[in-house]
Amino acid sequence: MRVARSLYGRWRLLPEADRERIARFAQDTKDKALDLRGADDPASAEADLRASSETLAAELVETAEADPEVGAEDVEQLREDLRRELERLATADI
């Protein structure tokens, strides 16, 4: 859930137009994280959260790539940060 919270936090820092464009991905990730708490099938809920988190991370990178004010080095740093966060999700004991 910490990874989902981190991704959601990154989304909240985006300019409004970008937030609106990818809001459904952020909301889906938030919902999946909340669903995990009371899931009857934790393994399935965990897989759903992981997939949703990966999608949101990809959308965050795509948003940064499309922003002319974000340099290539910053995009690469974001990509690396998100990769580490997703690895943490993959190895977490949820």
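Which residue forms a salt bridge with Arg84, and how far apart are the closest N and O atoms? The partner is Glu80, at 3.5 Å. The model is predicted: local features need pLDDT of at least 70, side-chain atom pairs count only at pLDDT 80 or more, and totals for chains, interfaces and linings use all residues. Residues are numbered from 1 along each chain as its sequence is written, and side-chain values use heavy atoms, with hydrogens and water left out.

View 1. A salt bridge is a side-chain nitrogen of Lys or Arg within 4 Å of a carboxyl oxygen of Asp or Glu. Asp81 is buried at 18% relative accessibility, while Arg84 is partly exposed at 41% (buried is under 20% relative accessible area, exposed over 50%, partly exposed in between, with a 1.4 Å probe and protein chains only).

**View 2. The salt bridge of Glu87 with Arg83.** The closest N and O atoms are 2.3 Å apart. Both residues lie in helix α5, four residues apart. Shared partners join Arg10, Glu80, Asp81, Arg83, Arg84, Glu85 and Glu87 into one salt-bridge network.

**View 3. Helix α1 (residues 2–12) against helix α4 (residues 42–66).** The axes come within 10 Å and cross at roughly 30°; α1 and α4 are therefore roughly parallel (angles under 35 degrees). Contact (heavy atoms within 4.5 Å) involves residues including Leu7 and Trp11 of α1 and Leu56 and Leu60 of α4.

Conventions: Axes are lines fitted to C-alpha atoms, for helices over the stretch in contact, and angles run from 0 to 180 degrees between N-to-C directions. Helices (H or I, at least four residues) and strands (E, at least two) are DSSP runs, numbered from the N terminus. Angles under 35 degrees count as roughly parallel, over 145 as roughly antiparallel, 65 to 115 as roughly perpendicular and the rest as oblique.
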